[in-house]
Amino acid sequence: MTTKDSSGKASSFTALKAPKGVPDYYPPVSAEFHAIKQAFTTAAHNAGYEHIELPIFEETALFARGVGESTDVVSKEMYTFADRGDRSVTLRPEGTAGVMRAVIEHKLDRGQLPVKLTYNGPFFRYERPQAGRYRQLQQVGVEAIGVDDPALDAEVIALAHRCFTSVGLTGFRLELTSLGDSSDRPAYRQRLQDFLATLPLDEATRHRAQINPLRVLDDKRPEMQEMLAEAPLMLDHLSDSSREHFETVTGHLDDMGIEYTINPRMVRGLDYYTKTCFEFVHDGLGAQSGIGGGGRYDGLMAQLGGQDLSGIGFGLGVDRTLLALKAEEVQASTGRRVDVFGVAMGAEAKRTMVGLVDTLRAAGVATDMSYGDRGLKGAMKGADRAGALYALVLGDQELAEGTVVLKDLRAHDQRSLPMESVVDEVLRGVAQEQ
Ligand code: HAM
């Protein structure tokens with residue numbers, strides 16, 4: 001195949017594409033993507049969560065043990081391969097297991113509890129790509145480890161809620177349930193299995209009912225949903241302590257004015273969950289409506305070889321939040337690439353402008369300038385495209401006078417300033433914007 005390169009010349013190489021189901025984010029949308037990630041991370045830091053940077057790939061056993069062999073994520077969706085040393089490694093499909101592994105390995109749980117950590121970055125699931133469902137997905141997550149306090153559940157849920165509102169999202173709802181704990185789960189599991197045994201299930205579903213009956217409740221086929229209408233629900237069979245825990249969580253949410261609906265049929269895709277579980281759902285997204293989810297995972301640390309400590313956290317989907325904002329026609333970023341844009345006419349002026357731009361950048365002002373030999377009109381277009389607040393224009397006349405023209409691009413006015421005062425003047429103007 002022959003393609004043409006940017007200069008129009010024919011090239012005999014085939015143009016390459018990103019792998020299927022993997023999104024690229026490039027300007028201007030990448031600014032939105034970045035703003036969402038930043039807003040979520042800032043909200044987490046604000047609530048006392050510290051950053052943790054984790055490997056993109058881990059030993060495969062971590063996910064098999066941590067997330068659960070019977071989940072779709074582990075059994076069907078993992079990017080697993082043997083490295084050159086013949087070790088089985090897996091691109092992380094989610095963040096919680098890796099955080100737990102690091103907490104145990106580096107004994108982070110031997111100090112003040114809870115350990116509060118936040119992370120962000122790409123995760124990998126070999127799912128069938130469709131709108132809002134990618135094979136490389138991005139999350140911002142938090143995990144709070146070591147204290148089994150319903151107030152901490154409420155904090156994590158309220159924090160997720162704040163993350164979404166901080167980027168201007170409004171059309172989402174919160175669903176909540178409790179999955180019980182190790183004291184009430186086995187009896188409920190048996191009760192559900194007994195119920196499922198009375199139904200005319202197909203072979204695969206019968207098998208699923210044996211290994212993970214809770215997952216059967218998630219079967220979306222209408223005939224199954226009909227049969228499952230009378231299925232016993234965990235929420236109706238909680239022990240007193242699980243019930244009290246759940247009621248205290250909802251009490252805190254009520255106090256904070258956070259609205260929720262109880263969804264006793266919620267099935268999370270990962271096996272480690274206990275007690276409080278939640279999902280944030282946005283109706284503007286079609287089938288892939290989950291913009292974030294999480295819950296408590298009280299047995300996970302022990303299962304991964306650590307102390308028997310509890311934990312709770314969430315993962316918020318950055319890709320889906322971006323789509324949700326688009327559906328609501330809300331922008332998360334200012335749309336401003338830089339605050340100031342320099343325009344120099346002539347070689348001498350350019351030399352001075354390069355220095356001025358460098359000084360402004362050193363003072364923390366986001367600044368760019370026009371390059372090449374564009375005329376004034378073309379260069380001013382560059383300033384507009386950058387979304388700049390101000391343009392600084394320098395030509396022969398200004399050089400001779402020792403001045404610079406400061407154009408306020410929104411007010412559409414301009415004034416001539418002495419060269420010495422321009423940095424202070426720009427700093428003042430930009431500070432007013434923040
Ligand atoms: P999760 O529900 O599997 O939870 O994923 C969290 C969020 O990631 C989802 O709500 C969704 O927004 C996004 N997401 C998941 N899969 C895809 C995909 N294929 N394409 C686009 N976005 C996707 C977890 O991963 C848990 N580790 C969360 C957690 C932390 N629970 C406790 N602590």
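Ala, Val, Leu, Ile, Met, Phe, Trp, Tyr, Cys and Pro are counted here as nonpolar, Asp, Glu, Lys and Arg as charged, and the others, Gly among them, as polar. The structure in every view is a predicted model.

**View 1. Shell of residues around the ligand.**
The ligand is surrounded by 27 residues, and the closest are Glu94, Glu127, Glu143, Tyr273 and Gly290. Sorted by class, this shell holds nine nonpolar, 11 polar and seven charged residues. E12 supplies six residues, the largest share of the shell.

At glycine 290 the backbone takes part: one of its N or O atoms is 2.8 Å from an oxygen atom of the ligand. The ligand taken alone exposes 660 Å², of which the protein buries 95%. Strand E8 (136-145), strand E12 (290-296) and strand E13 (311-317) are the elements that give two or more residues to the shell around the ligand.

**View 2. Helix H5 and its ends.**
H5 covers residues 150-166, 17 residues in total, and spans 24 Å from first C-alpha to last, close to the 24 Å expected at 1.5 Å a residue. At the start of the helix, a side-chain oxygen of aspartate 149 comes to within 2.8 Å of the backbone nitrogen of alanine 151. The buried residues of H5 are Pro150, Leu152, Asp153, Ala154, Val156, Ile157, Ala158, Leu159, Ala160, Cys163 and Phe164. Just after the helix, glycine 168 has a positive phi of about 95 degrees.

**View 3. Threonine 118 in strand E7.**
Threonine 118 is part of strand E7, residues 115-124. With a relative accessible area of 1%, threonine 118 falls under the 20% limit and therefore counts as buried. A polar atom of the threonine 118 side chain is 2.9 Å from the backbone oxygen of glycine 141. Leaving aside residues up to four places away in sequence, threonine 118 touches Ala44, His45, Tyr49, Glu50, His51, Ile52, Val140, Gly141 and Val142.

**View 4. Leucine 196 in helix H6.**
Helix H6 (residues 185-197) contains leucine 196. Leucine 196 is buried, at 1% relative accessibility. Its contacts, not counting residues up to four places away in sequence, are Leu201, Arg206, Ala209, Pro213, Val216 and Leu228. Isoleucine 258 is 62 residues from leucine 196 in sequence, and their C-alpha atoms are 36 Å apart.

**View 5. Valine 89 in strand E6.**
Valine 89 belongs to strand E6, residues 88-91. Its relative accessibility is 8%, so valine 89 counts as buried. Residues up to four places away in sequence aside, valine 89 touches Phe57, Glu58, Thr60, Tyr79, Thr80, Phe81 and Asp83. Between valine 89 and valine 156 there are 31 Å in space, C-alpha to C-alpha, for a separation of 67 residues in sequence.

**View 6. Two cis peptide bonds.**
The bond joining proline 27 and proline 28 is cis, with omega about 5 degrees. Proline 28 sits in the loop between strand E2 (10-11) and helix H1 (29-46). The peptide bond from leucine 113 to proline 114 is cis as well, with omega near 0 degrees. Proline 114 is in the loop between helix H4 (96-105) and E7.

Lysine 275 has phi near 45 degrees, a positive value in a residue other than glycine. Lysine 275 is located in strand E11, residues 274-282, and is buried at 6% relative accessibility. Glutamate 329 also has a positive phi, near 55 degrees, and is likewise not a glycine. The loop between helix H12 (318-327) and strand E14 (340-344) holds glutamate 329. Glutamate 329 has a relative accessible area of 76%, over the 50% limit, and so counts as exposed.

Terms used
Residues are numbered from 1 along each chain as its sequence is written. This is a predicted model: local features need pLDDT of at least 70, side-chain atom pairs count only at pLDDT 80 or more; totals for chains, interfaces and linings use all residues. Side-chain values use heavy atoms; hydrogens and water are left out. Helices (H or I, at least four residues) and strands (E, at least two) are DSSP runs, numbered from the N terminus. The expected span of a helix is 1.5 Å times one less than its number of residues. Buried means under 20% relative accessible area, exposed over 50%, partly exposed in between (1.4 Å probe, protein chains only). A polar contact is a pair of N or O atoms within 3.5 Å; within protein, one must be able to donate a hydrogen and the other to accept it, and residues adjacent in sequence count only if both atoms are side-chain atoms. A residue is near a molecule or strand if one of its heavy atoms lies within 4 Å of it. Accessible areas come from the Shrake-Rupley method with a 1.4 Å probe; for residues, only the protein chains shown count as cover. Contact means heavy atoms within 4.5 Å.
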